[in-house]
Amino acid sequence: MVRIETRQASVDFPIFDAKTRSLKKAVLGMVGGNISSDDRKVPVIQALHDIDISIEEGDRVALVGHNGAGKSTLLRLLSGIYAPTSGTAHIEGRVAPVFDLGVGMDPEISGYENIMIRGLFLGMTRKQMESRVDEIADFTELGDFLAMPLRTYSTGMRVRLALGVVTSIDPEILLFDEGIGAVDAAFLEKARDRLEELVKRAGLLVFASHSDEFLRRLCTSAIWMEHGRVKQRGDLREVLTAYKGRDPWLDDAAGRA
Amino acid sequence: MAVTASSNAAWAGARKDLVAGWRSRELWAHLGWQDIRQRYRRSVLGPIWITISMAVTAIALGILYAGLFGNPLETQLPYILVGFIVWAFISGCILEGADVFIKNEGLIKHLPAPISVHVYRLVWRQTLLFAHNLIVYAVMLVIFPQPLDWSSLLAFPAFALLAVNGAWIALLFGMASSRFRDLNPIVGSVVQLTFFLTPIVWIYEDFLNSDNPTIAERARLAEINPVLHYIEIIRRPMLGQETVWHHWAVVVGITLVGWAVTLWAMRRYRTRVPYWV
């Protein structure tokens, strides 16, 4: 059973500065009178308010909204990285978050070893990764470089390696944050197919992106975030039209005509 | 604060974190091993570097303090060496423990994982370092044989106890210092001070059995330092000395209290760590 359900979930980030981070100040504030006049209350940024969503197995949800709307924070809430500061979030299933392709990569070790580690971080076992290594190596086309330390790679090569690993897993819950990054066009075409295969294997998908093309290919429904709240939830075409102000499908037809 | 349905849910959350973290053994064991390899990558001596630095320190200080205290080298050197190896483990767990979540901020904010994973990795890494240093101990046994017997096997459960303590200390201080950043340097200073308060270069029993009754009495005060007991439970079996059970009692007591406090803290603050780092 794979699903995510949040009820009235909010995420508030405390903003610490040097004073509020200090144990000494916290303790001194408790004894004696108020010597300092600074306000000890920690300011808080309300990133998400009252998020009520339910995502079931088989759902392919697009996440759209302007920068700063709370898409990345929502993805982190859905992945379990942030527990809600109020409300609840219930996550069933193994989460494979793809937020930063480079996380967990170690520049000092070889490409092969990085594949292993990245896979372990994504919840795969050693045996599973070992059986996939060859397939990933073929896909990345990195050849002999795979035996070299990661620090010798160009950015594009690193992205290829990361993409290779990330698209080889068997996710139950796949959460994708946009910004796949610097890859050459030919490779991106190859990656797109592999990405589609990955999404097919996933139990459920939430994909945050500004790219209509990707969203239309991979998703069936959408959530529109604005100022930390869910503005609209529904069928992909409906929500995208509301968000963009015009129907992206009609643009195609107009383009072809 | 995270609103939980009931207090049961919060305890369950803490327990699940520890269990799930343990289950990700493949990940943290591999990472801990990588951490060690990192230390001697691109170095000429390789892993031997870790053992040699321990050996050189122990030999130099052994000769110095044997001279200062007027002890025979075959008594002073093994005492110092074993003390150093164990101290390295204990202080490593405490110092790195206080830093553990701060250092892993990137991973914590990008990958959903039980926070205990980072602690297990740390304790495993320290265990591997301890094992590297045991090579020096083995060489020492050849040069200065110790009267080891069956009771020396107590060193194994003693080390297990040390590791279990390393875990709660790292969890507790790690959580606290991710919220209060000045805790890190405070812990650093206290650990430095504790080194001198602990019988590592000075032999506890010598002062306890001193001819001068004032000194003998005052030596007892050293037992206020909990680390003394931790070192004694493992150093005594490793040097073939007889077991002093009250040290074990103190360590077990601290372990239970420590874990109780840590579980309580985990219950309340475990989910705050990603917000604090």
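Start with strand β1 of chain A, which covers residues 3-14: in this predicted model, β1(A) pairs with β2(A) in the antiparallel sense, and eight bridges link the two. You can pick out one of those links yourself: find A:Phe13, then look across to A:Ile45 in β2(A), which is its bridge partner.

β1 and β2 belong to an open sheet of three strands in chain A, ordered β2-β1-β4, with antiparallel pairing. Which strands stand at the edges? They are β2 (44-55) and β4 (86-92) of chain A; each has a single partner strand, so one side of each is left without a neighbour in the sheet.

Step back to the whole of chain A. Its 257 residues include 39% that are buried, and the chain has nine helices and nine strands. How does the chain connect with itself? Take the contacts in chain A between residues at least 6 apart in sequence: 75% of them join residues at least 24 apart.

Finally, look at where chain A meets chain B. Here 21 residues of chain B are in contact with 30 residues of chain A. On the chain B side, the elements that give two or more residues are α2 (25-40), α5 (105-110) and α13 (273-276). The largest share comes from α2(B), with five residues. Sort that side of chain B by class and you get ten nonpolar, six polar and five charged residues.

Conventions. Residues are numbered from 1 along each chain as its sequence is written. Chains are lettered from A and ligands numbered from 1 in the order in which they are written. This is a predicted model: local features need pLDDT of at least 70, side-chain atom pairs count only at pLDDT 80 or more; totals for chains, interfaces and linings use all residues. Helices (H or I, at least four residues) and strands (E, at least two) are DSSP runs, numbered from the N terminus. A residue is buried if 20 or more other C-beta atoms lie within 10 Å of its own, exposed if 12 or fewer, and partly exposed in between; C-beta atoms are placed from the backbone. Two residues are in contact if their C-beta atoms, placed from the backbone, lie within 7 Å. Ala, Val, Leu, Ile, Met, Phe, Trp, Tyr, Cys and Pro count as nonpolar, Asp, Glu, Lys and Arg as charged, and the others, Gly among them, as polar. Two strands pair if DSSP finds at least two bridges between them.
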